[in-house]
Amino acid sequence: MGLGESVRLALEGLRANKMRSILTMLGIIIGIGAVIGILTVGNGLTGSITGSMSSLGASNIMVSLQEKSDDLSPMMGIMFSVSEPEDEDLITDDMLEALRERYGELISGISLSETAGSGQAKDGRLYANLNVVGVNEDYKDVSNMDLLTGRWVQEKDIAGQRSVCVVSDKLVDNLYNGDMEAALGDEIRVVLSGGDILAFRVVGVYEYDASSNMSFSMASDKDVSTGLYIPITTAKHLTGKADGYSSMTVQAAPSADSAAAAADVQAFLNRYYKSNRDYSVMAMAMSSMLESMSTIMNTLSIAISVIAGISLLVGGIGVMNIMLVSVTERTREIGTRKALGATNNDIRIQFVVESIIVCLIGGIIGIVLGTVLGYIGSTLISEPSYPTPGYIALAVGFSMAIGVFFGYYPANKAAKLDPIEALRYE
């Protein structure tokens with residue numbers, strides 16, 4: 001009997017016992033669907049996180065003060081501050097000027113910022129939610145911001161602690177009905193969450209980019225909070241913070257290796273902290289952080305998929321159980337076929353093929369289900385994703401392997417039946 005005949009008999013057997021076949025496939029469907037769905041959502045989540053980090057600049061270097069006694073990894077030390085440094089521990093303007101002079105060919109910009117609070121810009125019943133952030137001249141270029149009209153914060157604004165600001169197009173939409181020319185030069189009133197009222201003159205409008213925001217917000221488009229950027233000296237005056245910085249972003253020059261530049265920046269600034277018992281400087285290239293994040297997310301997805309894949313083992317045992325029942329039910333059929341000349345190998349191939357087809361059909365249904373659920377899940381995190389061809393090929397191959405592995409024992413048992421005893425079986 002050829003392979004085609006075995007496939008035909010297997011399909012006829014599935015049609016004859018539809019409900020049992022569906023229940024047999026259920027474990028395979030759930031297992032394959034869970035694995036494909038989890039890997040798809042994992043791809044979407046990885047893409048969302050790395051995309052947000054990439055939007056901050058692939059050549060950027062995150063520089064931060066880190067406690068010398070801190071046991072956190074370098075990446076965790078960059079992202080999370082354990083305690084607030086004292087004024088004498090901060091990185092000063094003189095240090096940064098010396099850094100520019102020493103590595104001017106490796107550095108194209110140093111971005112500085114200081115948060116001054118959050119609140120609303122109001123004009124009668126009109127409002128716009130915002131975060132007040134003090135910045136320097138390099139902040140715009142290092143952060144890849146697009147200026148739509150007007151100008152950015154300049155050195156004369158910083159030196160004079162001027163009350164000027166650069167606002168988003170979202171704020172202009174809310175307060176000026178989208179008229180940017182009307183916004184330029186106008187004075188806006190900002191009410192901070194603590195009750196303080198500030199006034200700034202608008203000198204520029206930038207394009208708000210939601211993808212550059214590392215946090216996820218459920219706010220409507222009208223209520224989303226955007227940055228209102230003012231001179232960093234003005235922000236420090238408002239907050240009473242000392243001159244100096246605990247963190248910053250350094251942009252490596254296009255021709256420079258950002259990882260090597262990060263090592264140079266860290267070594268140079270740490271010369272100023274040799275005698276500091278509490279703090280040192282940690283610098284990490286964004287490219288290194290992206291690689292670390294991708295590795296973590298991929299490892300997590302695979303680990304969860306392995307756990308979900310346990311259901312495949314359960315499904316395989318279910319396939320073997322049903323195939324054993326099928327062998328018992330079809331004992332007389334096996335005896336008849338052997339009496340008509342079927343070899344042990346013919347019987348074995350028939351039942352293995354039937355097991356493979358059960359698992360293959362279940363695997364295909366699981367792939368479709370996992371693709372749909374994975375797409376829905378990844379869409380919810382704003383990063384629609386589909387399973388890669390490699391995942392699909394792996395799922396199909398795994399389904400067939402399960403069919404062979406768990407189908408062989410029942411098939412071998414059927415092949416070894418004595419034809420005379422099988423024909424006498426009731």
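These questions and answers walk through the helices, strands and a few single residues of a predicted model.

The model is predicted, so local features need pLDDT of at least 70 and side-chain atom pairs count only at pLDDT 80 or more, while totals for chains, interfaces and linings use all residues. Residues are numbered from 1 along each chain as its sequence is written, and side-chain values use heavy atoms, with hydrogens and water left out.

Q: How many helices and strands does the protein have?
A: Helices here are DSSP runs of H or I with at least four residues, strands are runs of E with at least two, and both are numbered from the N terminus. On that basis the protein comes to 16 helices and eleven strands.

Q: What percentage of the residues of the protein count as buried?
A: Buried means under 20% relative accessible area, exposed means over 50%, and partly exposed is in between, using a 1.4 Å probe and protein chains only. Of the 426 residues, the buried share is 45%.

Q: What share of the contacts between residues at least 6 apart in sequence join residues at least 24 apart?
A: A contact means heavy atoms within 4.5 Å. Among contacts between residues at least 6 apart, the share joining residues at least 24 apart is 78%.

Q: Are helix 12 and helix 15 roughly parallel or antiparallel?
A: The axes of helix 12 (residues 310-329) and helix 15 (residues 389-415) come within 9 Å and cross at roughly 30 degrees. Axes are lines fitted to C-alpha atoms, for helices over the stretch in contact, and angles run from 0 to 180 degrees between N-to-C directions. Under 35 degrees counts as roughly parallel, over 145 as roughly antiparallel, 65 to 115 as roughly perpendicular, and the rest as oblique. So helix 12 and helix 15 are roughly parallel.

Q: How are helix 14 and helix 15 oriented to each other, roughly parallel or antiparallel?
A: Helix 14 (residues 344-380) packs on helix 15 with the axes 7 Å apart, at an angle of about 150 degrees. By class, this contact has 18 nonpolar, seven polar and one charged residues. The two helices are therefore roughly antiparallel.

Q: Which strands stand at the edges of the open four-stranded sheet?
A: The sheet has the order 2-10-1-11 with antiparallel pairing, where two strands pair if DSSP finds at least two bridges between them. Inside that sheet, strand 1 (residues 60-67) and strand 10 (residues 247-252) share five bridges. Each edge strand has a single partner, so one side of each is left without a neighbour in the sheet; these are strand 2 (107-111) and strand 11 (279-285).

Q: In which sense does strand 4 pair with strand 9, parallel or antiparallel?
A: Seven of the ten residues of strand 4 (residues 126-135) are buried, so strand 4 is largely enclosed by the rest of the structure. With strand 3 (residues 113-123), strand 4 pairs in the antiparallel sense over ten bridges. With strand 9 (residues 226-231), strand 4 has six bridges, and the sense is parallel.

Q: Which residues of helix 9 are buried?
A: Helix 9 spans residues 232-239. Its buried residues pack against strand 3, strand 4, helix 6 (155-159), strand 8 (197-206) and strand 9. They are Ile-232, Thr-234, Ala-235 and Lys-236.

Q: What is the relative accessible area of Asp-157?
A: Asp-157 sits in helix 6. Leaving aside neighbours within four places in sequence, Asp-157 is in contact with Arg-151, Trp-152, Arg-162, Val-164, Pro-231 and Thr-233. Asp-157 is buried, at 0%.

Q: Does Asn-177 count as buried or exposed?
A: Most residues other than glycine have a negative phi. Asn-177, in the loop between helix 7 (169-176) and helix 8 (180-183), has a positive phi of about 55 degrees although it is not a glycine. At 74% relative accessibility, Asn-177 counts as exposed.

How values were computed
Nonpolar A, V, L, I, M, F, W, Y, C, P; charged D, E, K, R; others polar.
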